[in-house]
There are 2 protein chains.
Amino acid sequence: MWWMGDAAVTDTTKRKRFTLAARPQGVPQQRDFALVEEALPVLQDGQFLIENRFASLDPAIRGWLDDAPSYMPPVPLGEAVRATTVGVVCDSRNPDFAVGQWVLGLNAIETHSLGVAGGFTGPIDLSLVPSPTHFLSVLGAVGMTAWFGLTEVGQPKAGETLLVSGAAGAVGSLVGQIGRSMGLKTIGIAGGPEKCRRLIERYRFDAAIDYRGKSVQQLEADIRAAAPGGVDVVFENVGGACLDAALMNLRHGSRVALCGLISEYNSVEKLGARNLWQLIVHSARIQGLLVRDYLPRFAEGAGEMAKLLSAGGLVFDEHVDVGIDNAFAAFMRLFEGSNDGKMILQL
Amino acid sequence: MWWMGDAAVTDTTKRKRFTLAARPQGVPQQRDFALVEEALPVLQDGQFLIENRFASLDPAIRGWLDDAPSYMPPVPLGEAVRATTVGVVCDSRNPDFAVGQWVLGLNAIETHSLGVAGGFTGPIDLSLVPSPTHFLSVLGAVGMTAWFGLTEVGQPKAGETLLVSGAAGAVGSLVGQIGRSMGLKTIGIAGGPEKCRRLIERYRFDAAIDYRGKSVQQLEADIRAAAPGGVDVVFENVGGACLDAALMNLRHGSRVALCGLISEYNSVEKLGARNLWQLIVHSARIQGLLVRDYLPRFAEGAGEMAKLLSAGGLVFDEHVDVGIDNAFAAFMRLFEGSNDGKMILQL
């Protein structure tokens, strides 16, 4: 299998690391990072060495580069850039991690990572999926965001109606398909006719709404036409007009899972949500979703997603760039929008 | 006792009713209503007659006067204006309602209401409280909004911090006191130094914040100064700057019970909530509160409030106007703000 080969290190006593050279001001630049080669760490008792095969490149990484208080400490200057990786244990002084074991963990963009006892690394079962990259997409944070966001925050029941904004994205497309598998009617919102066609044909949404060029009132009417009785669950990735239009279509006791507000991240003057009064009228709620809260349940969620996968009910897209030398260009695809699917770097 | 006398009907075969003559356009006018005297209804099997002693005058009544879809049908033209009342059964062809029984129900502003089997009328136990008016305030919808809003929507735990906006109002002042009785640290927001003094001295909040003339950033800093570790529960009556400032002070897993957005009801250009992203950062939620959802549990809630009352841990204010002839003027106090406490009409 193509992914079973050795990682691209010429000198087997060294590792390559993609490190943070300076804190980016605004859009990250090549000069903010460095590629360094250094000796492999010497293992202490309880430690093990992971030969990373794939790193997940996520928008969240951008936040970790800033020296600002967040839910994670910032990446220290000179250290490798933090990322979730999939790899193989290649040396071990920890009885729980045998050499040859495949693992998934919060490590860094580097050919080898040091595993420590009690860290965020756990074994994975490759027999669950056709490719280990799936542990960084459908079975990784993206898949877990979709799974726990919909099932735990959205609390859907069969027969209900689900509205997803950003529905053509990595998370949104999975949310629609999970919803469909649970017996929900699914309505997706996306930008442009091409994405809307994809919602119906590839991700099998029951209805697709193009938000481009529409006012809140027009979007509100479009949602009402697709769901005349209102919506029970909203999976919100976008905010702004999408959220306000969704709020005008809530049913009694409905739930809005707030995953993202991407329409507001780069806007100077935030619009704000003006229809919150609908939460009172319908005894409804908006609940924020931080997938990190579900870390202890990732194995359970990954098992559920693997079931859906093997049942053939799930399509998704991965964009794999190759080589740690290309780490910067691959990372920047996220902000240029030039990736077709979940962005992954093969190391 | 002063409230045990007969209702003010001269002809005992007739009743007086405060009826809707025309649908108000904007601010209600005297001409939109009529006082009519008519023969008492003749009871059918299963029916009973209630001699009303007190009617609760609430802002919600204004909504029921419009011919617009809502959670209740509009009051029909020519019918008595719907209101919650406390009264005594004075005639009965229903074995569950004996003559002399005190009852609470959704009836109308009229001296006598017709009770029907399976209607929204139930017996009340006057031994629980010093005055039957309490069933329209602290044991009525106001009290139930405070009780179920805080306990069920807010889900507080002892030792947590509670932030209440509109804290000097009928609901807000009760929420603060219930919170205090549950072992919460309580912070109230109100308008002006007089109300803020009342929060501390009368309603025993731990801290009071005057919102007048303050920006979101100033309010945010004031809340942070009062709750440096953040707030766990927000009871929101106001919206706008109060809500945005509260959102910037949420703790992980905190709950915002959304009871009202009174700052936005009469504003042409709504500000909107611009800090919803804090819900994601803190896995927090905003949940709308419609007290009607808890109707089946009002007896339970009233029992809890009665316990607090008898323990001496609750102060609250009622404003009782006397006489059905004064119904219009008494109702309009709600919009003029000339009432000192929960507005009640003695019939």
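In strand β13 of chain B, B:Ile286 is the bridge partner of A:Ile286. The two strands, β13 of chain A (residues 285-288) and β13(B), run antiparallel and are joined by three bridges; strands count as paired when DSSP finds at least two bridges between them. Strands here are DSSP runs of E with at least two residues, and helices are runs of H or I with at least four, both numbered from the N terminus. The model is a predicted one, in which local features need pLDDT of at least 70 and side-chain atom pairs count only at pLDDT 80 or more, while totals for chains, interfaces and linings use all residues. Residues are numbered from 1 along each chain as its sequence is written, with chains lettered from A and ligands numbered from 1 in the order in which they are written.

Now for the wider interface. Chain B puts 22 residues into the contact and chain A puts in 22 residues, a contact being two residues whose C-beta atoms, placed from the backbone, lie within 7 Å. On the side of chain B that touches chain A, the elements giving two or more residues are α8 (277-281) and β13 (285-288). The largest share, four residues, comes from β13(B).

As for symmetry, chain B superposes on chain A by a rotation of 180° with 0.0 Å of shift along its axis, at an RMSD of 0.1 Å (least squares on C-alpha atoms of residues with pLDDT of at least 70 in both copies). This is the relation of a two-fold axis. Both copies use the same surface, as 100% of the contact residues of chain B recur in chain A.
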